Amino acid sequence: MEKRKIIPAVSVAVVRDGTVLLVKRGRAPSQGLYAYPGGKVEPDETLPQAAARELREETGLEAIDYRPLRDIHIDGSGENHAVDYLLTVFAAAYAGGEPVASDDAETAAFYTLAQMADMPLAGDVFSVAEELLGPAQRATR
């Protein structure tokens, strides 16, 4: 089996008042699914720098307190992608702006866990949101 190239990528889960920011992906991978804003890391960037840049490019938002949550290996072969991605998911705190979808995002908005339960989500999106929002939302029931 031929070894596939693995490209570093980032996504960022921005939390604001019991909601998390999601974009609807305009192109593969995960086209048409809701996911955290993100993309490929440029050669001269650190992972947090890439996460902040992708957030700005896709949504126009600013965030602070970036912290890595988990690494996810994304096998691109299922979507006929030539490469795989090693995705580092960051959590960050909302710092300003209103979400405006641009770059390869079709939509950008903040959602609660309850709203996310009925949405078509990419991969680990819901479990990351539960990790970030779960305790606060359980406490308010």
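**Close-up views of a predicted protein model**

**View 1. The side chains of E45 and R53 are joined by a polar contact of 2.5 Å.** A polar contact is a pair of N or O atoms within 3.5 Å; within protein, one must be able to donate a hydrogen and the other to accept it, and residues adjacent in sequence count only if both atoms are side-chain atoms. This is a predicted model, in which local features need pLDDT of at least 70 and side-chain atom pairs count only at pLDDT 80 or more, while totals for chains, interfaces and linings use all residues. Residues are numbered from 1 along each chain as its sequence is written, and side-chain values use heavy atoms, with hydrogens and water left out.

**View 2. E45 sits in the loop between β4 (38–40) and α1 (47–59).** Helices (H or I, at least four residues) and strands (E, at least two) are DSSP runs, numbered from the N terminus. A polar atom of the E45 side chain lies 2.9 Å from the backbone nitrogen of E42. Leaving aside residues up to four places away in sequence, E45 touches K40, A50 and R53; contact means heavy atoms within 4.5 Å. E45 counts as buried because its relative accessibility is 18%, where buried means under 20% relative accessible area, exposed over 50% and partly exposed in between (1.4 Å probe, protein chains only).

**View 3. D104 lies in the loop between β6 (84–96) and β7 (105–111).** With a relative accessibility of 11%, D104 counts as buried. Residues up to four places away in sequence not counted, D104 touches K24, R25, G26, R27 and E58. F90 is 14 residues from D104 along the chain, and the C-alpha atoms of the two are separated by 19 Å.

View 4. Read along the sequence, the elements follow the pattern β-β-β-β-α-β-β-β-α-α. The C-alpha trace spans about 50 × 30 × 25 Å along its principal axes. Of the 141 residues, 44% count as buried. Among contacts between residues at least 6 apart in sequence, 68% join residues at least 24 apart. The protein has 14 positive and 22 negative side chains, and the centres of the two sets lie 2 Å apart. Lys and Arg count as positive and Asp and Glu as negative, with His and the chain ends not counted; the place of a charge is taken as NZ of Lys, CZ of Arg, CG of Asp or CD of Glu.
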